[in-house]
Amino acid sequence: MSERKVLNKYYPPDFDPSKIPKLKLPKDRQYVVRLMAPFNMRCKTCGEYIYKGKKFNARKETVMNELYMGLPIFRFYIKCTRCLAEITFKTDPENTDYAMEHGATRNFQAEKMVEEQEKRVVQDREEEELNNPMKVLENRTKDSKMEMEVLENLQELKELNQRQAQVDFEGMIDRYRDLEKKEKEREKEEDERETKDMLERVLVKRLRDSDSDSEREEESSGSQAKKPITDNPTDVLTTTKPTDTPATSAGGVKKAKVESWERSVGTLGGKGALGSLVVRKKPAVGVNKPRPVAAAAAPTSQTDSKGADSNKASKPVTTQNGSSSLSLLGAYSDSDSNDSE
């Protein structure tokens with residue numbers, strides 16, 4: 001497969017270049033080229049600044065009847081980026097630069113002006129020395145004097161460099177190292193001192209914490225000793241606590257202070273709702289009940305009296321201690337049976 005881009009073309013053996021027809025083109029014809037502005041310039045029409053390096057699509061042509069040492073001079077046409085005015089400049093092979101022709105003005109360049117001034121001074125001096133031999137002598141005297149001043153300045157610079165060369169750089173470096181070493185040792189001592197102080201503070205804090213913990217343990221043990229110990233959880237309901245501030249009732253009798261849990265629950269055997277559930281059995285006591293008047297009545301009356309006695313006996317009898325005695329029912333029933341017999 002042949003290459004797509006080749007530099008050498010194939011010429012057949014019978015190729016004759018004289019047979020190729022020549023095109024008749026004008027010598028001042030223009031070509032479109034891509035270039036950058038060679039210097040800073042300002043448009044005369046609108047005042048737009050065009051900086052060095054700005055890219056343009058320019059037209060290029062060869063300047064007719066102008067040569068510099070056999071080298072052709074080219075002219076370039078560009079347009080202003082703002083007003084599209086035409087600006088032209090051409091090459092300057094004598095100064096290896098470009099020369100502005102029309103349409104814009106070249107901005108000030110100090111370096112270029114200095115170079116031109118130096119060249120002008122040299123040319124004037126050469127013209128003076130060419131026709132005046134005394135001027136040549138004066139210029140040589142000035143040049144020799146200038147050389148002497150330059151040599152003196154150079155000698156002073158050498159002496160200054162020698163003085164600086166006598167400085168003991170090794171000694172300076174050693175002193176700097178000693179100072180750096182002392183500084184590191186001082187920093188290390190300060191760090192050790194700070195660490196020691198921190199450890200002492202932590203130790204003191206731990207001792208204080210341990211003392212406070214021991215005091216708290218003693219207080220807690222004392223409070224536990226003062227607290228009464230109960231064997232069963234239900235003993236709290238029946239134990240009586242000493243009254244701190246006894247309160248007097250309306251009749252002048254002192255009553256113990258009732259706790260909130262006693263008011264809500266109550267005590268066993270009291271007058272509350274739980275007191276009616278307790279039955280305390282007592283020994284039978286003989287009661288001398290008066291005999292009824294109609295004892296010799298008919299059996300029907302006896303049965304009625306028995307029913308009435310039984311109803312009377314079925315009623316609860318309240319004793320002095322405030323509890324209902326149900327055990328008296330048996331005694332009343334026994335006495336009634338004896339009377340009937």
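Let me start with C43, which counts as buried at 3% relative accessibility, where buried means under 20% relative accessible area, exposed means over 50%, and partly exposed lies in between, all with a 1.4 Å probe and protein chains only. Please keep in mind that we are looking at a predicted model, in which local features need pLDDT of at least 70 and side-chain atom pairs count only at pLDDT 80 or more, while totals for chains, interfaces and linings use all residues. Residues are numbered from 1 along each chain as its sequence is written, and side-chain values use heavy atoms, with hydrogens and water left out.

C43 belongs to a group that comes from a record: the UniProt annotation "binding site", from an unreviewed entry, covers C43, C46, C80 and C83. These four are spread over 41 residues of sequence and yet cluster in space, with a largest C-alpha distance of 8.8 Å. The UniProt positions are in the numbering used here, feature names are shortened, and such annotations may be inferred rather than shown by experiment.

C46 sits in the loop between β2 (41-43) and β3 (49-50), and it is partly exposed, with a relative accessible area of 25%. Strands here are DSSP runs of E with at least two residues, helices are runs of H or I with at least four, and both are numbered from the N terminus. Leaving aside residues up to four places away in sequence, C46 touches C80, R82 and C83, a contact being heavy atoms within 4.5 Å.

C83, for its part, lies in the loop between β5 (71-79) and β6 (86-92) and is partly exposed as well, at 29% relative accessible area.

C43 is in no disulfide, and the nearest cysteine sulfur, that of C83, is 3.8 Å away.

Finally, the chain as a whole: the secondary structure comes to seven helices and 12 strands, and of the 341 residues, 11% count as buried. Among contacts between residues at least 6 apart in sequence, 39% join residues at least 24 apart.

Conventions: Disulfide = S-S within 2.5 Å.
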